[in-house]
Amino acid sequence: MRRRVSATAGIAVGTALVTVMAGGAAAQPGPDGAAPTEPAPLDWGACADLDPRGDETLECATLTVPMDHDGARSPRAGRPQEEPVVRLALSRVPARGERQGVLVVNPGGPGSPGRAWASITALGLPDDLRDSYDVVGFDPRGTGASTPSVTCDPTYFDPVRPDTVPGDELDETELLDRAGGYAKACGEANGELLEHMRTVDNAHDLEAVRAALGTERIDYLGYSYGSYLGATYATLYPDRVRRLVLDSIVNPDLPWYESNHRQSLALDAAARNFFDWVARNDATYRLGTTGEEVAERYYGLRESLAAEPLEGVLGPTELEGTFIIVAYNSAYWPRLAKALADHVVGTDSAALLAAHERYGESAQDDPGYAVYLATECTDAPWPRSWPIWRADARAVHAQAPFQGWGNTWYNAPCMTWPVEGGEWFQVDGSRVEGALLVQATDDGPTPLAGAHAMRRRFPEGRLVVEEGGVSHGVSFNGNDCVDDVVTAYLREGVLPAAGGGGGGADLTCAALPQPDPAGERGDTDPFGVERRPA
């Protein structure tokens with residue numbers, strides 16, 4: 001999924017015999033030398049590189065885990081004594097009162113650091129949950145402050161990039177060379193870590209986090225890709241999950257290649273929602289009275305930027321990378337609509353350039369993009385033949401021009417990725433006591449069908465659908481109907497009755513009103529761009 005969602009045969013599940021080192025101290029072998037004892041407690045202290053969002057107490061720690069969990073569980077003759085390790089960076093907002101549980105949060109990606117989400121989530125909880133929960137975030141392997149970090153080529157996003165919509169075979173060759181070059185750079189820069197970046201590896205890391213926290217079971221809140229990570233963890237370690245909230249859900253039935261094509265269609269539909277909203281507010285933006293007219297203005301701008309990039313930094317591909325956020329959260333609609341109107345209808349390009357600087361891709365996106373690819377390219381098989389990719393891309397673009405080709409090239413390094421994709425992990429929630437699934441009907445990055453597919457994988461779970469919702473990431477974003485259900489589940493384990501909602505949902509909540517152009521808040525994001533689940 002482009003970020004910005006019983007185990008399958010061949011994947012070792014077994015017991016969590018994970019070599020864990022906390023605070024830099026190694027866990028000691030068990031009596032037979034086969035399994036480590038419980039790790040030492042984490043050494044929580046002040047965060048050197050992470051600030052609290054409010055007046056909350058924020059602490060940080062480091063947890064060292066094997067780079068290869070399977071190797072740690074299955075000793076083999078001739079192994080070197082020093083195995084490669086990964087050091088996970090963790091954060092915690094401690095309960096303000098008597099702790100009743102531990103809530104581990106993940107914002108998605110893959111490729112998004114998660115430590116900041118301890119503060120973000122804690123500040124959004126009702127007072128009684130904030131009093132009784134330790135909220136824990138962590139930077140998944142390869143991301144943020146975790147080491148080793150994954151990076152490939154920081155110049156890859158330098159403007160102006162080639163147009164993602166190729167006009168001929170020469171254009172295709174240039175784009176293929178770029179994608180192949182990025183994949184090659186990733187292989188040269190990251191070594192053995194690329195062989196251990198699958199979602200299953202991250203799920204084993206999550207179990208190591210649980211063990212180091214010293215709690216028998218964790219509560220988990222995962223958005224977008226974090227939903228797939230949480231579902232994978234619950235499949236591998238069903239007895240370690242107390243309460244499980246999956247929000248904006250990745251489709252467990254579709255490996256990444258197929259899933260990204262479905263995502264392109266959903267992103268296009270989400271963009272049309274934005275265009276329709278702009279048209280309904282034509283008195284403000286003067287871009288057209290129908291969504292089709294507004295879309296024509298956007299695609300007309302795209303063509304003009306292909307002919308002459310704005311200020312030498314904003315071409316058609318940069319425009320795509322800036323405007324994709326309209327498919328993530330309607331809170332960004334007023335600012336992006338104003339930027340479009342100022343440039344197309346007016347004579348001022350400052351807002352458009354500022355939007356690109358704030359939301360567009362740059363060298364800072366290289367680490368996240370590298371981890372995204374390192375995970376998705378190895379989570380499942382990908383076609384290695386360009387004619388297959390070309391035929392699929394053309395078919396999707398014909399239906400979904402907003403990101404059809406763009407999403408193809410975003411994932412194209414997987415075609416020549418230096419590590420082969422493994423078997424797609426089969427989520428199985430049949431041994432999980434319960435789960436709460438949350439989804440907006442018009443979510444662009446993770447289409448609604450994925451939530452229904454995940455609901456079928458969790459027979460004791462319940463699905464809450466925000467009818468008419470257009471934003472990605474629903475829980476604790478201001479919808480009282482949704483938030484009350486999530487809160488009741490986290491507080492008491494109470495789930496809605498099965499089958500009580502429309503369209504196959506267990507509960508249906510009305511969506512929040514779409515934004516009012518007059519409510520635009522200057523240069524302040526609704527909750528900070530990083531609040532958007534990836």
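Tutor: What follows starts with helix α11 and then moves on to other parts of the chain.

The model is a predicted one, in which local features need pLDDT of at least 70 and side-chain atom pairs count only at pLDDT 80 or more, while totals for chains, interfaces and linings use all residues. Residues are numbered from 1 along each chain as its sequence is written, and side-chain values use heavy atoms, with hydrogens and water left out.

Helix α11 covers residues 333-344, where helices (H or I, at least four residues) and strands (E, at least two) are DSSP runs numbered from the N terminus. The expected span of a helix is 1.5 Å times one less than its number of residues; for the twelve residues of α11 this gives 16 Å, and the end C-alpha atoms are 16 Å apart, which agrees. Nine of the twelve residues of α11 are buried, and the helix is thus mostly covered; buried means under 20% relative accessible area, exposed over 50%, and partly exposed in between, with a 1.4 Å probe and protein chains only. The buried residues are Trp-333, Pro-334, Arg-335, Leu-336, Ala-337, Ala-339, Leu-340, Ala-341 and Asp-342. They pack against α7 (256-280), α8 (282-285), α9 (291-307), α10 (316-323) and α12 (350-359), with contact taken as heavy atoms within 4.5 Å.

Of these neighbours, α12 can be described in detail. The axes of α11 and α12 come within 8 Å and cross at roughly 140 degrees; axes are lines fitted to C-alpha atoms, for helices over the stretch in contact, and angles run from 0 to 180 degrees between N-to-C directions. Angles under 35 degrees count as roughly parallel, over 145 as roughly antiparallel, 65 to 115 as roughly perpendicular and the rest as oblique, and α11 and α12 are therefore oblique to each other. On the α11 side the contact is made by Arg-335, Leu-336, Ala-339, Asp-342 and His-343, and on the α12 side by Ala-351, Leu-352, Ala-355 and Tyr-359. By class, this contact has six nonpolar, one polar and two charged residues, where Ala, Val, Leu, Ile, Met, Phe, Trp, Tyr, Cys and Pro count as nonpolar, Asp, Glu, Lys and Arg as charged, and the others, Gly among them, as polar.

Next come the nonpolar cores. A nonpolar core is a set of buried Ala, Val, Leu, Ile, Met, Phe, Trp, Tyr and Cys residues joined through side-chain atoms within 4.5 Å. The largest has 111 residues, of which Leu-63, Val-104, Leu-244, Leu-246, Trp-417 and Phe-458 touch the most other members. Apart from it lies another core, of 36 residues, and Leu-340 is among them, as are Ala-279, Leu-310 and Phe-402. Leaving aside neighbours within four places in sequence, Leu-244 is in contact with Tyr-220, Gly-230, Ala-234, Gly-434, Ala-435, Leu-436, Phe-458 and Tyr-489.

Helix α7, one of the elements against which α11 packs, holds Gln-263. This residue counts as buried at 0% relative accessibility, and its C-alpha atom is separated by 8.6 Å from that of Asn-407, 144 residues apart along the chain. The loop between β9 (241-247) and α7 contains Ser-248, which has a positive phi of about 60 degrees although it is not a glycine and which counts as buried at 0% relative accessibility. Phe-476, in the loop between β11 (461-467) and α17 (480-492), likewise is not a glycine and has a positive phi, of about 55 degrees; this residue is buried, with a relative accessible area of 14%.

For another helix, consider α13 (residues 366-379), whose 14 residues should span 20 Å and whose end C-alpha atoms are 20 Å apart, which agrees. Because 13 of its 14 residues are buried, α13 is largely enclosed by the rest of the structure.

Lastly, the backbone has cis peptide bonds to note. One joins Thr-147 and Pro-148, with omega about -5 degrees, and Pro-148 is in the loop between β7 (133-139) and α4 (169-190). The bond from Pro-159 to Val-160 is also cis, with omega near -5 degrees, and Val-160 is found in the loop between β7 and α4.
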